Amino acid sequence: MDFRTVGLTENEYKTILRELGRTPNETELRLFGVMWSEHCSYKSTRPLLRLFPTEGRAVVQGPGENAGVVDLGEGFGLAFKVESHNHPSAVEPYQGAATGVGGIIRDILAMGARPVASMDGLFFGDPELRKTKALRQGIVAGIGGYGNAVGVPTVGGKTVYDEAYTENPLVNAFCAGVVRLEDMVRSDTAQPGRLVVLLGAKTGRDGIAGAAFASVELAEDTSASRPQVQIGDPFAEKLLIECCLELLEKGLIDSMQDMGAAGIISSSSEIAAKSDVGMVLDLDRVPLREKGMTPWEIALSESQERMLLIVNPDRMEQVLQVAAKWALDCTVFGETTGDGRYVMKAGGAVVVDLPPAFIGGNAPVIHWPSREPRDLEERQRLEVEELSPPKDLGAVLRSLLEDPNLGSKTWISEQYDSMVQTNTVIGPGGPVSVLRVLRGDSAPVFVAFSMEADPWKCRTDPKGGGAETMARTLRSLSVCGAEPLGWTNCLNFPSPQDPEVFWEMRECVQGMADAARALACPVVSGNVSLYNETPQKKILPTPLVVTAGLLPDLDGFLPWSRWREGDHLFLAGMPNAALGASRYLLRTFGLLRGKVLPFDAGAEQDFTARARRTAKEGAARSARSLAGGGLAVALAKEALESGIGARLDVQIPTRPDVFLFGEGGPRALYAVPPASLPLFRSIWRGAPLTELGVATGNILDVKRGFSLSLAELRDSWRR
Amino acid sequence: MRHRAEIVVTLKSGVLDIQGKAVFQSLQQLGYGELEDVRVGKVIHLLLDAPTPEKARELARGMCEDLLVNGLIEEYRISLEAAER
Amino acid sequence: MNVSVVVFPGSNCDQDAVRALASFSGRPVAQVWHGDPALPAATDLVILPGGFSYGDYLRTGAMAARSPIMEAVRRHAYEGGLVLGICNGFQILTEARLLPGALLPNKTLTFVCKPCTLRVERTDTPFTGAFRSNQVVQFPIAHHEGLFYLPEEELDELERRGQVVFRYASPEGSIAPEVSPNGSLRNIAGIVNERGNVLGLMPHPERASDPVLGGRDGLLVWQSVAGWIEGGH
């Protein structure tokens, strides 16, 4: 069989011949085709990912395992990761989204952690289109259908609309779990002489070569792609979670891997490679759901809700008992050896015999050429003077609140159970989600999550956009009083074979890395999804960031939307922001142009320190870090949710629209009760601080700006 | 002898069928003005071993009464046929 | 008070109930596997928790209602013991015919999770002694099938016998149909059996048992039960 049929390049095939010293057979060739696909091997992006800082005080486990882990103290850790499931969701929205949620939950479980929270980054096309509505309905239903049933609360998310995603919706599923560090599972702990066990659902033809499918652009007619979508069973996953956690609690397993992309071959070869052991697997012993499956189908199947266990023979009896209690299939189908060879047998014959490390980790890096986009200067050119200042700023604000990107998403989040496990302090709808984490007999601690994406800024100014995306999560966490511990990211891009796309990707990563390094926040896990395009349309460069922060208790937590009559309102941070790639520019002028405010490490560090002090010392009542729509949208959201208007009278230092709607840089809107004014001012002495006015009444009134009643604002926001 | 029983379960006529109503509205929006009503139910297939068709039907009925059908809100219909090996 | 929480395959809110009751009573709460034949001796209150037992497959609560442990739960109820079904637990109790009615899909045809105000209709049950008559309280809901249904005449009978304990209400206490989040007939959110010792409700009191996490109105249910048991019933 020709190597091209399985998606390998000539160079890759030659590498395989060289390393093996022989021609691979058909089964082995198919395995390489999937394991060396972009989705599994990260061959186009490994050098880029090395740009990220991965070390930090709180890091227990960095990139390289099923999920990253940060230290929560008292022997407990938080495992978290975000992963894409874009191509399947475009073809079968409900199951694509559902199995995306299921897959990331298993990655967390594979660390030995109990999954405690989910969030989802969703990117859709024009919301007026029937196609978008259908995709959205299916995807939202799939996330809820799976997440609610499996008992993991969906505590937050981000929903973005742009016509660039019409044919290529994105579903980025995030999950976090809590693990006792002494019980944390690793892939490098397998010894020779152990049993290789398959736990969970029977194996069928689901998603065969799905990993390769994710590495290829969607063809014109997706109906032909249907057989490759996996079907999820959240009930089976719930049983799997409880069974695995019970096995871990009883100390019955040596190691565990989730079976996701490329199922059996991926999970088993990963353990063999990391633990430096050999393996012999008998595919005839794998419980099958369908007749007549070939060896490569069994090895590559992506049937859901299966885990791979490495078990000491002495413990197998007890493992079977626990599996029987949870009514899960549990089958020994192989063993680890000391000879360093990875062997698969079927029908009594050897069908695969490869060096384990070579299967997964060694796809040659592809150094795609990179070229600055020819139209970059055009994209970045923005003379504010050429934009006629709007006459009715109030109408502009209402229009922004009606923008589906900024409007209320409660109608989506209410379809998700955000409270199961009774640890949700603050659920969906705000800049940050907050969860209580129980730590056994020690006092509980609190974790805050912030999820951000700004594909428009990444399009006009990839490096600036990447930095801004990352920095926004850190600002939100600092403003509410949380100490950032680490972050995860999903890089969603079109084909890297386009040199301009590859350039954009590298610049985004560099920007994110620079921001993370300046603010000492390490990456602990992540995911890359490439080839998100159709012949007609490429997606915007879309890095998605989720950062986790720690709050030792809720005394030092500073919430938002808590204005009270008489509070003084302040803008902390520079008053002049940028209109480049802002929601305002897009919504009002239909322009996607302009550079992002340059990342200023010193200003960010200074802001972070003061913001955290403000929260810790209780110097403000309500605070919101500025993001999409700038100051005006922040004012509107605070006023709406607090139920109080404001009277603002500021000597506006720049053009009113720049002041009200500009974006970028570390800036926050604070509401300070009169008694706290001296403390607040002293914390912010020496930093840019603009006093805006007072919270009062039920009109949001900005002198020389606009005047809108709460009712008008609410009407726009909830459209 | 092998028998295949097909059980059609539907909501009793007095019971609110919200799914049926939603489907009705969607079909109307797609232009099917001829439509008068929609009710949504479910189909269950049983493959079972019994000496006679009567016995098979009795078993199927037992399963319906014991688990497959909620007699308060649902009613059912059984069709039976012999199944080859 | 001795509390047992039954765990079915797919139950999700069992640990939430265990934690809420353990924290309230200061005593360990027994967890009973669905396959067990018996409840622990001296159990006062059995809780059937929320979640997705058996994935909600076939009908919600249908398979769980036929679990081995349900025989013991039935006996416990027959002997006057207290049984509380929360959300999926309520669905299981109707399937087991320990409570009348059925829970149909929400009128919105979507899952709905949000805080919810209820009006307390009876304060003379073991579960509601600590509430005031017509008190308006807040418990969260999170369900896809919460529309309580009985044929019209049986609904009238239910009302006549005073079996409705909680109704969906506005914060001011109005029970107009628009106020119901799921279309439940007569805004019914929770009912008892004729004897009054078995309560089923769709909202989650265990999610309102901690001020930081969703309110404290749920504590009134546990207080009511504790008071009832201490009162020597």
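What you see is a predicted model, in which local features need pLDDT of at least 70, side-chain atom pairs count only at pLDDT 80 or more, and totals for chains, interfaces and linings use all residues. Residues are numbered from 1 along each chain as its sequence is written, while chains are lettered from A and ligands numbered from 1 in the order in which they are written.

Let's start with chain A as a whole. Its domain assignment gives domain 1 (23-363 + 404-554) and domain 2 (558-719); bounds like these come from an automatic or database domain assignment. Taken over C-alpha atoms, the centres of the two domains of chain A are 36 Å apart. Where they touch, 28 residues of domain 1 of chain A are in contact with 34 residues of domain 2 of chain A. Two residues are in contact if their C-beta atoms, placed from the backbone, lie within 7 Å. On the domain 1 side, helix 18 of chain A gives the most, with 12 residues. By class, that side of domain 1 of chain A has 11 nonpolar, 10 polar and seven charged residues. Here Ala, Val, Leu, Ile, Met, Phe, Trp, Tyr, Cys and Pro count as nonpolar, Asp, Glu, Lys and Arg as charged, and the others, Gly among them, as polar.

Now, about those element numbers: helices (H or I, at least four residues) and strands (E, at least two) are DSSP runs, numbered from the N terminus. Take helix 15 (residues 393-402) and helix 22 (residues 630-642) of chain A, which pack at an angle of about 70° with their axes 10 Å apart. Axes are lines fitted to C-alpha atoms, for helices over the stretch in contact, and angles run from 0 to 180 degrees between N-to-C directions. In this contact, A:Leu397, A:Leu400 and A:Leu401 of helix 15 meet A:Ala632, A:Val633 and A:Ala636 of helix 22. That makes six nonpolar residues, no polar and no charged.

Next, find strand 11 (residues 329-337) of chain A, which pairs with strand 7 (residues 195-200) of chain A in the antiparallel sense over six bridges. Two strands pair if DSSP finds at least two bridges between them. In strand 11 of chain A, A:Gly334 stands opposite A:Val196. Strand 9 (residues 278-282) of chain A also pairs with strand 11 of chain A in the antiparallel sense, over four bridges, and A:Val280 stands opposite A:Glu335.

Finally, look beyond chain A: 21 of its residues meet 24 residues from chain C. Helix 9 of chain A gives the most to its side, with four residues.
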